[in-house]
Amino acid sequence: KLLAFYTLASTMSLLIVQVIWQLNGYVLFPAYSEVARNRPERLRDIAARTRLLLIVPSWGAALFFAFFGDRFMALLYDHRYAESGYILQILAMGQLLGVIGGSYVGLLWAKGMIRISTVLQSVQVVLQILGMVIGNYFLGERGVFLSVAVVGWLNYPITAYVHMRIGLWQPRIDLPFIAISVVVVALRFHGVYSHA
C-alpha cells in the first residue's frame with residue numbers, strides 16, 4: 001500500500017526532473033554543442049544563464065512541494081491517499097539538490113565527453129540501487145523512498161567535481177541554492193517524516 005502512495009508521489013515529483021531533461025535534450029544540448037564548436041570560450045557564460053533559467057522554476061516547484069506537498073495532494077485526491085502527501089514532501093526535499101545537479105546535463109555531451117557522462121549516470125544508478133536496498137533493510141518501505149531523496153544530495157558532489165575539473169562548475173549559482181536547501185531540509189525533514 002505504501003509503495004502505491006510512493007508511486008503516486010513519485011510521478012508528481014518526477015514532473016520537475018522531466019522538464020529539465022526535456023529542455024536539455026531538445027533545446028540546450030544542441031545549443032551547447034554549437035557553442036562548444038564555434039565559441040568555446042563562451043560556453044561557461046551561456047551555460048550559467050541557461051542553468052539559472054532551468055534551476056529557478058524547477059527548484060521553486062521542489063520548494064513548494066517540500067512545504068505544501070501534503071496539502072497539494074489533499075486537493076487532488078481524497079483522504080485515502082493522504083500518505084502520498086508527506087512522501088511527495090520528502091521526494092521534493094531530495095529534488096532541491098537534484099535539480100541543481102541535473103541542470104548540468106548536456107554540457108559533457110556538448111564537449112564530446114560522452115564516456116564521462118555515461119559513468120556519471122552509472123554512478124547515480126548504483127547509488128540509487130544501493131540506497132534502496134539499504135533503506136529497505138533498515139527502514140522497510142519508507143526507507144526506499146527516503147533513499148530516492150537522499151541520492152540527489154549524494155550525487156551532486158560527484159557532478160560538481162567532474163564539472164569543476166573541466167572548468168564548468170558554477171558555485172556562484174549552485175552554492176546559494178544549496179545553502180537554502182540545507183535550511184529547508186533542516187526545518188522540514190523532522191516534521192514531515194514524523195508523520196510516517
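Visitor: In which helix is the place of arginine 37?

Guide: Arginine 37 sits in helix α1, residues 2-38. A word on ground rules: this is a predicted model, where local features need pLDDT of at least 70, side-chain atom pairs count only at pLDDT 80 or more, and totals for chains, interfaces and linings use all residues. Residues are numbered from 1 along each chain as its sequence is written, and side-chain values use heavy atoms, with hydrogens and water left out.

Visitor: What makes a stretch a helix here, and how many helices and strands does the protein have?

Guide: Helices are DSSP runs of H or I with at least four residues, strands are runs of E with at least two, and numbering starts from the N terminus. By that rule the protein has seven helices and zero strands. Read from the N terminus, the order is α-α-α-α-α-α-α.

Visitor: Which class does valine 119 fall into, and why?

Guide: Its relative accessibility is 47%, so valine 119 counts as partly exposed. Valine 119 belongs to helix α5, residues 114-139.

Visitor: Which residues of α5 are buried, and what do they pack against?

Guide: Ser117, Leu120, Gln128, Gly131 and Gly135 are the buried ones. The buried residues of α5 pack against α4 (107-110) and α6 (141-165), where contact means heavy atoms within 4.5 Å. Just past the end of α5, glycine 140 has a positive phi of about 70°.

Visitor: What makes glutamine 95 buried or exposed?

Guide: Glutamine 95 has 13% relative accessibility, so it counts as buried. Glutamine 95 lies in helix α3, residues 83-102. Setting aside residues up to four places away in sequence, glutamine 95 touches Ser13, Val17 and Ala62. From glutamine 95 to valine 119 is 24 residues in sequence and 21 Å in space, C-alpha to C-alpha.

Visitor: And why does glutamine 170 count as buried or exposed?

Guide: With a relative accessible area of 4%, glutamine 170 is buried. Glutamine 170 lies in the loop between α6 and α7 (171-193). Leaving out neighbours within four places in sequence, its contacts are Arg44, Ala47, Ala48, Arg51 and Tyr104.

Visitor: What about alanine 186, buried or exposed?

Guide: Alanine 186 comes in at 61% relative accessible area, so it is exposed. Alanine 186 lies in helix α7, and its C-alpha is 10.0 Å from that of methionine 93, 93 residues apart in sequence.

Visitor: How do you know whether the whole protein agrees with a compact globule?

Guide: The radius of gyration is taken over C-alpha atoms, and the globule rule is 2.2 Å times the number of residues to the power 0.38. For 196 residues a compact globule would be near 16 Å, and the protein has 17 Å, which agrees. Along its principal axes the C-alpha trace spans about 55 × 30 × 30 Å. Of the 196 residues, 43% count as buried.

Visitor: What share of the contacts joins residues at least 24 apart?

Guide: Among contacts between residues at least 6 apart in sequence, 78% join residues at least 24 apart.

Methods
Buried means under 20% relative accessible area, exposed over 50%, partly exposed in between (1.4 Å probe, protein chains only).
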